[in-house]
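Q: I'm new to this one. Can you walk me through it?

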Amino acid sequence: MTKTVLFLMICLPFVSFGQHKEETNMVHILKNKNLEIHIDLPLENYQLSRFDWTGKIVSVKFKGVDIAGTERLNSDDDNSFGKGFYNEFGIETPVGFDECEEGDWFPKIGVGLLKKEGDSYSFSKVYEIQPADFKLIAETNKLIVVCKSQSFNGYSYVLKKEVKLWGNSFIIKYHLHNTGDKIISTNEYNHNFLAINKELIGSDYILKFPFQIKPELFGATVNPEGIVEIRDHKITFNNTPEEQFFFSNLSGGERVDAIWELVNTKSKIGISETGSFKTNKVNLWGWKHVVSPELFFDVNVKPGQTIEWTRMYNLFEVK
């Protein structure tokens with residue numbers, strides 16, 4: 001890429017990305033007095049088939065303290081796994097997967113078309129990708145990424161994601177417009193790879209929910225070391241887990257407010273997420289270096305219609 005083209009891509013507020021990767025290593029930074037957010041652009045760094053490429057938030061700092069972690073600790077390939085506030089559409093079955101034949105293509109929202117391999121979908125599998133088209137609108141306190149899909153087998157859409165700073169908070173706003181002939185039915189969640197001040201998970205962390213946690217109704221329980229302790233409305237850790245842990249369906253299928261709050265009593269920093277929706281699916285995954293509460297949003301949008309939802313993250317100091 002010439003210096004002239006690179007200069008124009010950095011300075012222009014509207015950038016259009018085509019189908020091929022540009023070697024620019026670009027990151028967009030949103031910053032105010034207390035918050036600094038780094039966002040990888042769609043065709044930079046992570047480009048695999050699982051996570052949404054729009055608005056890939058890789059780093060969040062609150063008053064100079066790191067909030068975001070990574071899926072793998074000390075990985076040799078930092079761009080092959082999740083990090084920060086990556087989100088995903090259709091972790092179990094993406095739109096159109098069951099309708100297409102082996103070798104055909106199906107849409108993965110926020111990524112493009114994936115080539116079907118095998119009878120069942122696996123989020124950890126690396127699928128061949130035909131990337132969607134992406135456009136960028138950058139303003140002082142927000143970044144908007146627009147993803148326009150290909151049309152295939154009756155499915156197409158336009159996804160617009162807006163990441164905006166608001167005081168000690170940042171807001172992720174989603175607009176999904178169905179431009180195809182079939183209903184888009186799936187779900188979306190933010191993985192929330194959290195590690196406050198890069199501290200290992202342990203007794204300094206407290207994760208709170210506004211609803212009654214119901215272990216007897218969990219869909220899955222993976223707690224091999226017994227380190228994760230579950231109480232009525234909160235989850236704590238009696239040590240640093242060496243093994244991965246996972247719990248699904250924390251509310252027991254009950255429809256609840258989409259909220260969680262994580263505090264680190266050592267760093268005296270906290271973060272919360274509040275969705276604009278109710279949810280009946282709340283999962284929790286983690287490891288020694290990261291904890292990930294996940295609030296799922298059900299996506300059902302008919303042809304020609306648009307659905308919108310938001311996730312607000314608030315950063316605060318603990319007294």
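A: Rings of Phe, Tyr and Trp (its six-membered ring) pair if their centres lie within 6.5 Å; planes under 30 degrees apart count as stacked, over 60 as edge-to-face and the rest as tilted. Ring pairs of this kind link Y46, F51, Y86, F193, W285 and W287 into a cluster. This is a predicted model, in which local features need pLDDT of at least 70 and side-chain atom pairs count only at pLDDT 80 or more, while totals for chains, interfaces and linings use all residues. Residues are numbered from 1 along each chain as its sequence is written, and side-chain values use heavy atoms, with hydrogens and water left out.

Q: How many aromatic pairs does a search of the whole structure find?
A: The search finds 24. One of the pairs is F237 with F245, which is tilted, with 5.7 Å centre to centre and 45° between the planes.

Q: And those two, buried or exposed?
A: Buried means under 20% relative accessible area, exposed over 50%, and partly exposed in between (1.4 Å probe, protein chains only). F237 has 2% relative accessibility, so F237 counts as buried. F245 is at 1% and therefore also counts as buried.

Q: Which charged ends sit over rings?
A: A charge sits over a ring if NZ of Lys or CZ of Arg is within 6 Å of the ring centre and within 35 degrees of the ring normal. The charged end of K125 is placed over the ring of Y127, 5.8 Å from its centre. K281 has its charged end over the ring of F296, 4.3 Å from the centre.

Q: Switching topic: which residues touch the most other members of the largest nonpolar core?
A: A nonpolar core is a set of buried Ala, Val, Leu, Ile, Met, Phe, Trp, Tyr and Cys residues joined through side-chain atoms within 4.5 Å. The largest has 86 residues, and I67, F85, F170 and L176 touch the most other members.

Q: What is F85 in contact with?
A: Contact means heavy atoms within 4.5 Å. Leaving aside neighbours within four places in sequence, the contacts of F85 include I57, V60, I67, F170, L194 and Y313.

Q: Now the sheets. What order do the strands β2, β3, β4 and β5 have?
A: Strands (E, at least two residues) and helices (H or I, at least four) are DSSP runs, numbered from the N terminus. Two strands pair if DSSP finds at least two bridges between them. The four strands form an open sheet in the order β2-β3-β4-β5, with antiparallel pairing. β2 (27-31) and β5 (65-66) are at the edges with a single partner strand each, so one side of each has no neighbour in the sheet. Two bridges join β4 (residues 56-62) to β5, and F62 has V65 as its bridge partner there.

Q: What about the sheet with β14?
A: That open sheet has three strands in the order β6-β14-β24, paired antiparallel. Its edge strands are β6 (87-89) and β24 (297-301). Three bridges join β6 to β14 (residues 184-190), and N87 stands opposite N190.

Q: Which strands does β21 pair with?
A: Eight bridges join β20 (residues 256-264) to β21 in the antiparallel sense, with D257 opposite K278. β21 also pairs antiparallel with β25 (residues 306-317) over seven bridges, and I269 has E317 as its bridge partner in β25.

Q: How many residues of β21 are buried?
A: Eight of the 11 residues in β21 (269-279) are buried, which leaves the strand mostly covered.

Q: What sits between β20 and β21?
A: The hairpin has four residues between the strands, and K268 takes a positive phi near 60°.
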